[in-house]
Amino acid sequence: MESLISKINAIGTKTLEDIATASDLAGLEIFRVSVLGKKGSLSEVLKGLGSVGSDDRPKIGAAANDVKAKIEAALEEKKSILESRDLEARLANERIDVSLPSRKLHRGALHPITQTTRKMVEVFSRLGFDLLTGPEIETDYFCFEAVNIPADHPARDQQDTFFMGPGLVLRTQTTAIQTRAMRGNEWPIRILCPGAVYRKDNDATHSPMFHQLEGLWIDKKVKMSDLKGTLEFFAKEVFGAATKIRLRPSYFSFVEPGAEVDVSCFRCGGKDAACKVCKGSGWLEILGSGMVHPKLLELAGYDPNEVSGFAFGIGIDRVAMILHDIPDLRYMFEGDQRFLSQF
Ligand code: DAH
């Protein structure tokens, strides 16, 4: 019996020494298993308890429990020491250096077309125009038929229009929205329709997708002078107070009379024969306009003897190119950061 107890005590002493020297949690666990585990040294000794007389068993059991409790307490204490040492090491290692420069934030910006559209819309809305949008996939009817473009008109040519299916096209002009606005609605109507339009065109000043801002004002006694005054206001607000406008007679099937409108060159005012903005002409063409054709009024159910109206369609991309001196329209739609970040 004595030898068994001293064996147990020896295991205890040796184990406590081992625990004291353990330098990490993994090592500590190895000591624990080697003593208290199923096949550990203490467990092995206790297996021999069966061959001991029943009088001695409680004493040996008590001695074993005592040693076991001491070992467990020592393991626990060492474990918490090692854990807090590890934690401190991690805190020291992973400390954030708040004095380091931060990662650079890249700030987004609105696309130049969006900026230009917003500016133009803001100017017209001061005159009481409301916003209206229409679908980019448009019916042949609204895009052409309803704005007096007959079936044999060149604008319907395969070479200009993207056809989407029977009776459907990608709208070639925001003028398509005019009939949508009038149909089933009473006059007066004063609307602005910005949006993308599509034509099979692609060079430095044409892109297959570009943008227009359509305007329409229908009311009693709307006159050509109202159109001129409205466009003059717009031109001065967008291109500068010294800007003049010029109307040139032109043909658009949905207006009568029709006019193309130029603004005076805001850079040279017509004084620089070598001006790269107006190429010396002194004028920049930016829009088409006119008095709404009586046929369109009739189609909407209005009486052309009672109401009249004007309409205009401005090339937004053209305005943006002029304002920012952009030589090639295609830059706008290539998504190149070096270009876009300049706005
Ligand atoms: N829709 C014409 C185009 O795309 C522009 C235009 C001209 C619109 C005259 C109008 C207008 O409203 O009255 O070329």
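Reader: Which residue forms a salt bridge with Lys47, and how far apart are the closest N and O atoms?

Author: In this predicted model, Lys47 pairs with Glu44, with the closest N and O atoms 3.3 Å apart.

Reader: Where do Lys47 and Glu44 lie?

Author: Both are in helix H3 (residues 41-47), 3 residues apart, which is about one turn of the helix.

Reader: Is Lys47 buried or exposed?

Author: Lys47 is exposed, at a relative accessible area of 56%. Glu44 is partly exposed, at 40%.

Reader: OK, how many salt bridges does the structure hold?

Author: There are 18 salt bridges. One of them joins the side chains of Asp262 and Arg248, at 2.8 Å from N to O.

Reader: Which strands are Asp262 and Arg248 in?

Author: Asp262 is in strand E8 (residues 255-264) and Arg248 is in strand E7 (residues 245-250), so this pair, 14 residues apart, links distant parts of the chain. Asp262 is buried, with a relative accessible area of 3%, while Arg248 is partly exposed at 25%.

Reader: Which residues are linked with those two in a network of salt bridges?

Author: The network links Arg248 and Asp262 with Arg246, Glu260 and Glu285.

Reader: Next, what does Lys276 meet in a salt bridge?

Author: The side chain of Asp325, at 2.8 Å from N to O. Lys276 lies in the loop between E8 and strand E9 (283-292) and Asp325 in the loop between helix H10 (316-324) and helix H11 (337-340), so the bridge ties together parts 49 residues apart in sequence.

Reader: Last topic: which residues form the negative surface patch?

Author: Asp157, Asp160, Asp201 and Asp203 form that patch. Asp203 sits in the loop between strand E5 (189-198) and strand E6 (209-219).

Technical notes
Residues numbered from 1 in each chain as written. Predicted model: local features only at pLDDT ≥ 70, side-chain atom pairs only at ≥ 80, totals over all residues. Heavy atoms only, no water. Patch = residues over 30% accessible without salt bridge, like charges linked within 9 Å, V, L, I, M, F, W, Y side chains within 5 Å. Areas by Shrake-Rupley, 256 points an atom, 1.4 Å probe, with all protein chains shown as cover. Salt bridge = Lys/Arg side-chain N within 4 Å of Asp/Glu carboxyl O. Lys, Arg positive; Asp, Glu negative; His and termini not counted. Charge placed at Lys NZ, Arg CZ, Asp CG, Glu CD. Helix = DSSP H or I, 4+ residues; strand = E, 2+ residues; numbered from the N terminus. Buried < 20%, exposed > 50% of the residue type's maximum accessible area, 1.4 Å probe, protein only.
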